[in-house]
Structures are given as structure tokens and as C-alpha cells.
Amino acid sequence: MTAAGTPGAGLVARGVVRRFGGIAAVDGVDLDAPIGRITALIGPNGAGKSTLFDCLAGAARPDAGQVLLAGRDITRLPDHARARLGLLRTFQQIAAFQGLTVAENVRVGAEQVHRGTGRGLLGLPPPGRDTARAATERALRLLDLDAVRDWPADRLPTGALRLLELARALAATPRVLLLDEPAAGLDQAQTARLGTVLRALAAEGTALLLVEHDVELVARLADAVYVMAAGRVIARGPTASVLADPRVAAAWGAT
């Protein structure tokens, strides 16, 4: 595995702190999301997971610490600049363009593709070698959305909207993908599809970091798990050993 903080290391957080008034919602977090791996971030509600995601994605600036992408310090870059470098995210609250069709929503992601990086995932076209239309078509097929491509986004049920948001992110060929509760609202078949796509993305060299409350999904998918409670990481390591830790069960509970 590439050493943290060097090119190819994926996404790295070191000593990240985010305060609200006198309260540290994120308190000195170190985290590594390496390329080609699925890393899960779990913990009870209010643990600081979404705040940490905001710091990693650029929606919030840490009060202390560093965020590195492939060895580059991106701590002070805004979210749109991180997206151009290949750091994409999905949201706990679904963010679809309700006035656009499904295909048009995915096309928005394809048009964010970074020119000249020469990479593609899961058959998606490398930037500069294909069109945004081709990227859109392939992303729709990957997430089984082609049949509803012409539907307005506001006609989709919650599960399909989740897949739409992921398709839009995939069309932008991310280097690192942050997923905030990606299985929320999915039925069994959709969850299975999600797992297949995420495993394939990791195999193609994407770094994946997901916040997820579904313990069975985490156990099946994640290579490593970080557990947060009260703003701090209280456990980390290979998935099976972390999930078997009694401290983790006590902190995570049934959330």
C-alpha cells in the first residue's frame, strides 16, 4: 500500500478539528481512504461523521489539521475545486435536480469530468477521449436507470433517486468517492446492485469512503472501518475485528 501523504495514497486526513462554538464536533481525526479500497465510517448519530465528511469534501473548512488528496494538500480548497481534482460526494439528503430528467441529472456529473487526466472507471470514458453523452449512457446502464432515463427526477422513488445521485457522481469519473448513507431507502435488489458497483469501482482503483448504518452492508463491503463517537475515532482496523470489538457495539448501538 502506498504510504499516506504520497501520490496515489487516496484521501488522507490528519488531525482534523472542526468546532462549533466551544464544542469540537470533530476532534483530531486521522483517517486514510486508500485507492482500491472501501473504507467505512460508522458511529452513533451525532458522532461527527457528517461534519467530518464536510471537511473532507470542502463544504466546511477544518479549524485545524490537514486533508490530502493523492499527496496534495487540499485543506483550503473549496468543494468545487476538489471536485475538479476528482473528489466527489453523495449526500445523506438526496440532491437531485428536480426540474431535469434522470439522464440530464447524470449529464451534469459527466460535464464535470477533468480534462487530460486520462483515466476511466468501469468502462466510463477517460476524460478527453469520449463525450459527456457517452459517460452519461454508461453510468445510466451501470445503475440500471436506463429504463427511466426520460423521467423527471421528481417522479422517482427514494431508492431510485439514491442510485441517480450515485450515477451522476460516477459519470464524473471520481478518484475518491465519499458516500453518505448510500443504502438509505434502497430495497434488497438495489442494495445488491449498489454493492456490486462499489466493489467494481474499488477494483478499478477508486478510493471509497462511506458512512453507513447498515451493519450487514458494512460487513460485506468494507475493507477497513473507522468508528467515531463524540467527535473522535475510538476504533479502526480491518472490518471483522472492528465490528467484533465490544466497545464498538456499545458505542454504535442499534443506530
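**Close-up 1. The hairpin of strands β9 and β10 in the predicted model.** Strands β9 and β10 form a hairpin in which two residues lie between them, and Ala230, in the turn, has a positive phi of about 50 degrees. Strand β9, covering residues 224–229, runs antiparallel to strand β10, covering residues 232–238, and six bridges join the two.

**Close-up 2. An open sheet of four strands.** The strands follow the order β2-β1-β4-β5, and their pairing is antiparallel. At the edges are β2 (23–33) and β5 (72–73), each of which pairs on one side only. Strand β1 (residues 11–20) is paired with strand β4 (residues 64–69) over five bridges in the antiparallel sense, and here the bridge partner of Ala13 in β4 is Val67.

**Close-up 3. Helix α1 on the sheet.** Helix α1, which spans residues 49–57, packs on the sheet and touches β1, β2 and β4. The direction of helix α1 makes about 120 degrees with that of β1.

**Close-up 4. The crossing of helices α3 and α5.** The axes of helix α3 (residues 102–110) and helix α5 (residues 158–170) come within 6 Å and cross at roughly 35 degrees, and the crossing is right-handed. On the α3 side the contact is made by Val102, Asn105, Val106, Val108 and Gly109, while α5 contributes Leu164, Ala167 and Arg168. Sorted by class, the residues in this contact of α3 with α5 are five nonpolar, two polar and one charged.

Methods. Residues numbered from 1 in each chain as written. Predicted model: local features only at pLDDT ≥ 70, side-chain atom pairs only at ≥ 80, totals over all residues. Heavy atoms only, no water. Axes fitted to C-alpha atoms, helices over the stretch in contact; angles between N-to-C directions. Left-handed = near helix turned anticlockwise from the far one by under 90°. Contact = heavy atoms within 4.5 Å. Nonpolar A, V, L, I, M, F, W, Y, C, P; charged D, E, K, R; others polar. Pairing = 2+ DSSP bridges.
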